[in-house]
Amino acid sequence: MRSSRAWRRPPLLLLLLLLLALGACVFAATREQFCSLCQRHTMCLYSGVSSRCHQGRLVRGVSPAEQQAIVDLTNQLRNRVALGQEWRGSPGRQPPAANMQRVAWDEEVASVAQRWADQCNYSHDSCRNVPDTYVGQNIYQRSQYPVSAMNDRGNWSEPIYAWYDEVALMAASQVSSYQNREDIGHYTQTVWASTNRIGCGYTFYQDGDWGKKYYVCNYAPGGNYVGQPLYQVGSPRSACPASSGDTGTPDPAYPGLCGPASTKTTTTNSNPAASSTPTGAAIPAAAAAAPAAGPRAAGTPAAGTTAAGIPASTPTNVNFGDNTVGGGFPSFTDTGTFSPDYF
Ligand SMILES: *[C@@H]1O[C@H](CO)[C@@H](O)[C@H](O)[C@H]1NC(C)=O
Ligand SMILES: *[C@@H]1O[C@H](CO)[C@@H](O)[C@H](O)[C@H]1NC(C)=O
């Protein structure tokens, strides 16, 4: 919006700019604030990129275009479910949602996700909350060989669909009461009704001759509370909470989701956009041994939740069976399931 009037009133404009600048400064919690949320908070434990990431090529960050793609695809899939258009399930069809919110990109949530991705440690961090709420997490890693043949940029459709496609195992009858099942935890977090902020991090790192694309998405407020509904079953948008900012007008792009009228999502980029460290040394000639495949260890079992939905102590939203896939070009090598080969 341009306003020539504003230019004739510099004090107002200056004040506005000053407020914006102040807002940017106080936007994210400080390290001390994160530490006060929980001692083992990712922002409290780690200050930057882990040395384990520095074996060769390193690419990190989520570009503004990728942020938009993540938000759009996540909302598109949520909308599909909310409108009752997801026929898969075990059994399906998934019932429509009365209160599913639209998600928007959140810089603070994203900065925590990036900090965790920067540890090059394919597992869940212990605490990633933001000052106002509990935050959930989905992770995904693609391992490929050889690293020299790999495109080091991420393809966010891959993890987002992998998480969502667990819907094929989702029992429609369990929508009203989340059961702590290892096989659907990513799907349930993806469509958890009250989640309205998402922020993700990405790291491409080298592990010998292998390349790893590590994707981390954090969700606020987090979902997967045992015994609570994923969403309220009912006519789409018939029970939008006031806190969603819904004005009664459906978003044309996502008519099944609750949210403010504007479809605009903020995509300011505090994550480093694809900063890359070139490999100084040549890629080792010898092929790294394929990591031993083994079952991904299950995470922390369910803990109790309070009536308000705040985790009593240990949050239940640690998603299990996190996807890791292998594949490569030109020589395809499937690493199978989780491989702690980089420890
Ligand atoms: C990787 O993260 C897990 C979970 O937070 C932690 O228990 C483990 O110690 C970490 N591994 C290393 C090598 O730091
Ligand atoms: C990205 O991933 C999606 C989902 O797996 C796939 O359909 C698509 O072809 C991929 N895009 C590229 C450019 O590889």
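# Burial, strands and ligand shells

Biologist: Does Arg-237 count as buried or exposed?
Modeller: Arg-237 has 16% relative accessibility. Buried means under 20% relative accessible area, exposed over 50%, and partly exposed in between (1.4 Å probe, protein chains only). Arg-237 therefore counts as buried.

Biologist: Which pLDDT do side-chain atom pairs need in this predicted model?
Modeller: Residues are numbered from 1 along each chain as its sequence is written, while chains are lettered from A and ligands numbered from 1 in the order in which they are written. Side-chain values use heavy atoms, without hydrogens and water; in this predicted model, totals for chains, interfaces and linings use all residues, local features need pLDDT of at least 70, and side-chain atom pairs need pLDDT 80 or more.

Biologist: What is the phi of Arg-237?
Modeller: Most residues other than glycine have a negative phi. Arg-237, in the loop between β5 and β6 (275–277), has a positive value. Its phi is near 65°.

Biologist: In which loop does Cys-120 lie?
Modeller: Cys-120 is not a glycine, yet its phi is positive, about 50°. The relative accessible area of Cys-120 is 0%, so it is buried. Cys-120 lies in the loop between α6 and β3.

Biologist: What is omega for the cis bond joining Gly-92 and Arg-93?
Modeller: Ser-90 to Pro-91 is also a cis peptide bond, with omega near 0°. Pro-91 sits in the loop between α5 and β2 (104–105), and Arg-93 is in the loop between α5 and β2. For Gly-92 to Arg-93, omega is about -5°.

Biologist: Which residue caps the N-terminal end of α6?
Modeller: Helices (H or I, at least four residues) and strands (E, at least two) are DSSP runs, numbered from the N terminus. Eleven of the eleven residues of α6 (residues 107–117) are buried, so this helix is largely enclosed by the rest of the structure. At its N-terminal end, the backbone nitrogen of Glu-108 lies 3.0 Å from a side-chain oxygen of the cap, Asp-106.

Biologist: What is the bridge partner of Ser-143 in β5?
Modeller: Strand β3 (residues 136–144) has nine of its nine residues buried. β3 runs antiparallel to β5 (residues 210–220) over nine bridges; pairing needs at least two DSSP bridges. The partner of Ser-143 is Lys-212.

Biologist: Which side chain does Lys-212 join in a polar contact of 3.4 Å?
Modeller: Lys-212 has 1% relative accessibility and so counts as buried. A polar contact is a pair of N or O atoms within 3.5 Å; within protein, one must be able to donate a hydrogen and the other to accept it, and residues adjacent in sequence count only if both atoms are side-chain atoms. The side chain joined to that of Lys-212 is Asp-207.

Biologist: How much of the accessible area of ligand 1 does the protein cover?
Modeller: Arg-52, Trp-116, Asn-121, Ser-123 and His-124 surround ligand 1; each has a heavy atom within 4 Å. An N or O atom in the Ser-123 side chain is 3.1 Å from a ligand 1 oxygen. Accessible areas come from the Shrake-Rupley method with a 1.4 Å probe; for residues, only the protein chains shown count as cover. Of the 350 Å² that ligand 1 has on its own, the protein covers 50%.

Biologist: How much of the exposed area of ligand 2 does the protein bury?
Modeller: Asn-155, Ser-157 and Glu-158 surround ligand 2. An N or O atom in the Asn-155 side chain is 2.3 Å from an oxygen of ligand 2. Taken alone, ligand 2 exposes 360 Å², and the protein buries 28%.
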